Amino acid sequence: MRLFEYEGKALFSRYGIPVPRSKLARDESQALSALGEVGLPAVLKAQVLSGGRGNAGGVVLVRTRGDAEKEAGRLFALKVGGEPTRALLVEEASEHGEEMYVSITLNRGRREFVALASRSGGMEVESRAEGAMVDVPVPLEGLSDSAASELGARLGLSGKTSAEFRSILLKLERLCREEECELAEINPLAVHADGSLIALDSKVVLDDNALFRHPEFSQLPPEDPLEGEAARFGFAFVRLDGRVAVVGNGAGLVLSTLDLVADAGGKAACFLDLGGGAQRDRVEAALRLVRGLPSARAVLVNIFGGITRTTDVAEGLIDVVSERPMVPVFARISGAEEAEARALLSGSGVPVYATAQEAVLAAVGEAGR
Ligand code: GDP
Ligand code: MN
């Protein structure tokens, strides 16, 4: 689950990482009263989970109250990557020079966390020249003072900046470990003229499997709560007004399934792409999500698992359908351990079909046209 910038910054504050003074506003009038507290100049920041916000015009510096009024209106109407602005963060503007990058992230390939940093952070940090990033592995028991100092030294930091960098990095690493994050990123980490540092942005991704241990992460009431939910899991999700909820892995597969539903005379209740891997927890989250679609009369799950263990998918389906009553689920599951998956599902009330066509016909038959 990805946190909003303001949620990530609240977490930073709790761990002693310096952030600008700010106030969250859920509408234009709240934005203007927040401005009264924060003062001018201020930065207005659209709260969205999608990336590329700065480039999409979602971050703006305002110098006058008139500017702020105009920009707040624009930002509340803005969509970033199709996602509407959920709230505005009204923040004290920072006067700074350099913008650095620092993060603690899970390196799945090496099965360990790694601390990454760069002198040239800011927008589009991904496209910077190779070699601009330095990294040190983070042992499970935590980052040592000396490793944190080493990273700062490799960036060429000295004096006050070097000391602050070490302290922020150690705090960020503790946050990542204690809150069970997959990623805790500060970009930009701004450098003031006196050498001090401040986190101007936050990107925090919590491990979904550990969320039950962190009930405090509440969520904003988004325009469409299901879309908000979907964004948090990284699903591509579009609510439609038909009766068959379509869930699959891979945008092409889900789109072609929508075509099959239409060919069969049905209408889809949603498009939900789980993304590449179809792990059990994601399948479960997707089913719980589409359970909330009022127009759906059937759910069609189309998983094409090359390397996906379909037994995991089957177990996920069984978990969710046995949790509480829901509309019938129809499945087409192909991939590793397919026969075992089918055996698991027999008797679960979830019919499994050999082809997508058959599954579609059954789902449309159930849902009606
Ligand atoms: P992102 O595009 O979603 O990553 O948005 P950020 O919060 O990282 O902001 C994008 C850019 O806006 C940053 O790289 C900064 O250059 C600039 N920015 C953000 N906050 C401030 C601020 O308080 N003062 C100034 N001068 N620039 C800011
Ligand atoms: Mn950023």
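Select Pro 188 to begin, a residue found in strand 10 (residues 181–191), where strands (E, at least two residues) and helices (H or I, at least four) are DSSP runs numbered from the N terminus. The peptide bond that reaches Pro 188 from Asn 187 is cis, with omega near 5 degrees.

Before going on, note that this is a predicted model, in which local features need pLDDT of at least 70 and side-chain atom pairs count only at pLDDT 80 or more, while totals for chains, interfaces and linings use all residues. Residues are numbered from 1 along each chain as its sequence is written, chains are lettered from A and ligands numbered from 1 in the order in which they are written, and side-chain values use heavy atoms, with hydrogens and water left out.

Next select Ile 186, which, leaving aside its neighbours within four places in sequence, is in contact (heavy atoms within 4.5 Å) with residues including Phe 12, Met 100, Ile 168 and Asp 201. Together with Phe 165 and Leu 169, Ile 186 touches the most other members of the largest nonpolar core, which holds 36 residues; such a core is a set of buried Ala, Val, Leu, Ile, Met, Phe, Trp, Tyr and Cys residues joined through side-chain atoms within 4.5 Å, and buried means under 20% relative accessible area, exposed over 50%, and partly exposed in between, with a 1.4 Å probe and protein chains only. Another core, of 33 residues, lies apart from it and has Val 299, Val 320, Ala 331 and Ile 333 among its members.

In the loop between helix 5 and strand 10, select Glu 180, whose phi is near 60 degrees, a positive value in a residue other than glycine. Glu 180 is partly exposed, with a relative accessible area of 22%.

For a last stop, select Pro 41 in the loop between helix 2 (28–38) and strand 2 (42–46); a cis peptide bond joins Leu 40 and Pro 41, with omega about -5 degrees.
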